[in-house]
Amino acid sequence: MIDREKVGRAIAAQRREKGLTQKQLAQALNVSYQAVSRWEQGISLPSVDIIYDIATMLETTVDFLLNGFAGERRVISYMDSGLDVKRLHMTKERLTGLVTTDDMLLHAKESDPVFFRPDLVGMDEPVSVFATHVPGSKERFAMENGYDREICMDLVANAANNLIRFGVKPAVLRANVLCGNNDESQLLAMGEAFKEACESGQIVFAGMQVAAQAVNYSACEYKISAFVTGIADRKNIITGEQIAEGDVIIGLPAEGISSISYPFIKVILDRRPDVLDAKVDGHHAFKDELMKPNTCFVKAIDELNKKHLIHGVFSVDRSLFNRRCYGIMPRGLGAGICISPIPVPALFQYIYNLHMMDRECFLENFSLGISTLLAVPKEHCGAAVKVIEKYHRCYVIGRVERDEEHADARVWMEEKLKL
């Protein structure tokens, strides 16, 4: 007697092996998809005529279908784990088409190492610099709320800024995505965002490598990272050693919010979920303002460095007054920062006006929209501002001081701007 359940399991396994849905198989056989479903559940058996058509369509034998797994091999496929390998392969092929066409990029196939020939012309002592970056704690918020493009562009800007703050111009970047069985449109949108951000920063995009793990991640989950490499002449690397008393501090503004500040936002949203869609300025939603990508400062800082108009660069993580940001400051010197010249963005005004933290706590954990500080010689301040304003807004907000009152403080607040 034929075991209907074994036959059903054999049909289902072979159908998945061929990457067909029940509906597609039903259309090919000119039957309803309910009929296919009933066969696979072991509720009914296909007729003699149809069993031959099924075997032909699924490239197997009638014996295998009628005897279940006993007659031939037992089949487990990637589809059983939830991973559509064929679709993923097609997506990877399309992502390869986003790779930058550049003579220096010799090879950048999806899963292969990147072969890159840097331009070393004019360098006396070339130094290779590389770093891996992840988006930090706001990645999950981005993933759960559809800000896939924004988090990718933010990651590129942060990776690029991390190199250029040392005077190293980023040359090539490869993105990596660890995910569930994401749909093609989501992965392509992320790849395009990475490429767009790289082009904006004059960085060669070496593609987006995708590692799909449907057994570990749900369909829309992902983890992203970026590996960026740059080359610099050793004599042009910004170490901070040139920072001197009297240097002017210039602030460069950025959109959105730092990942390091996001845990405080998470607490706010847990306590006040109603603010997520609130308009911070009557027009723009709180969540949209939060997720705006950081600004890439490569062009401005590179030009300043080439013109010898810069002594040091400080990356602001969550606060202008976090002494850790001023780690390259020579011993005995510190930054006197005055916040009054900063036109505080509506996002930060809104956060403060929620009255969920006092002024001191707010200034300790939020940057007021400033993400990078530059130390420039006082006599070249005007020239430096002129260069920066070709690319970005900027604000003179402080100076480097030797102040016994704030010994080893690295940074302190000034009531008035002293220049």
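Which strands does helix H16 lie across? In this predicted model, helix H16 (residues 381-388) lies across E7, E10 and strand E11 (395-401). Its direction is at about 10° to E7.

## The open sheet

E7, E10 and E11 belong to an open sheet of 6 strands, ordered E8-E10-E7-E11-E9-E12. The pairing in this sheet is mixed. Strand E8 (312-315) and strand E12 (411-413) form the edges, each pairing on one side only. From one strand to the next, the twist averages 30°.

Strands of a sheet pair through backbone hydrogen bonds, in either a parallel or an antiparallel sense. For strand E7 (residues 248-253) and strand E10 (residues 370-376), the sense is antiparallel, with 6 bridges. Within E10, valine 376 is the residue opposite valine 248.

Helix H7 covers residues 85-96.

Three residues of H7, Leu88, Thr91 and Leu95, are buried. They lie on the same side of H7 because they cover an arc of only 60° around the axis. Among the elements covering these buried residues are helix H10 (184-200) and strand E5 (204-212).

## Helix H7: exposed face

Which exposed residues does the face of H7 turned away from its buried side carry? Lys86 and Met90 are the exposed residues there.

Conventions:
Residues are numbered from 1 along each chain as its sequence is written. This is a predicted model: local features need pLDDT of at least 70, side-chain atom pairs count only at pLDDT 80 or more; totals for chains, interfaces and linings use all residues. Side-chain values use heavy atoms; hydrogens and water are left out. Helices (H or I, at least four residues) and strands (E, at least two) are DSSP runs, numbered from the N terminus. The expected span of a helix is 1.5 Å times one less than its number of residues. Buried means under 20% relative accessible area, exposed over 50%, partly exposed in between (1.4 Å probe, protein chains only). The arc is that of the directions from the helix axis to the C-beta atoms. Contact means heavy atoms within 4.5 Å. Two strands pair if DSSP finds at least two bridges between them. Axes are lines fitted to C-alpha atoms, for helices over the stretch in contact, and angles run from 0 to 180 degrees between N-to-C directions.
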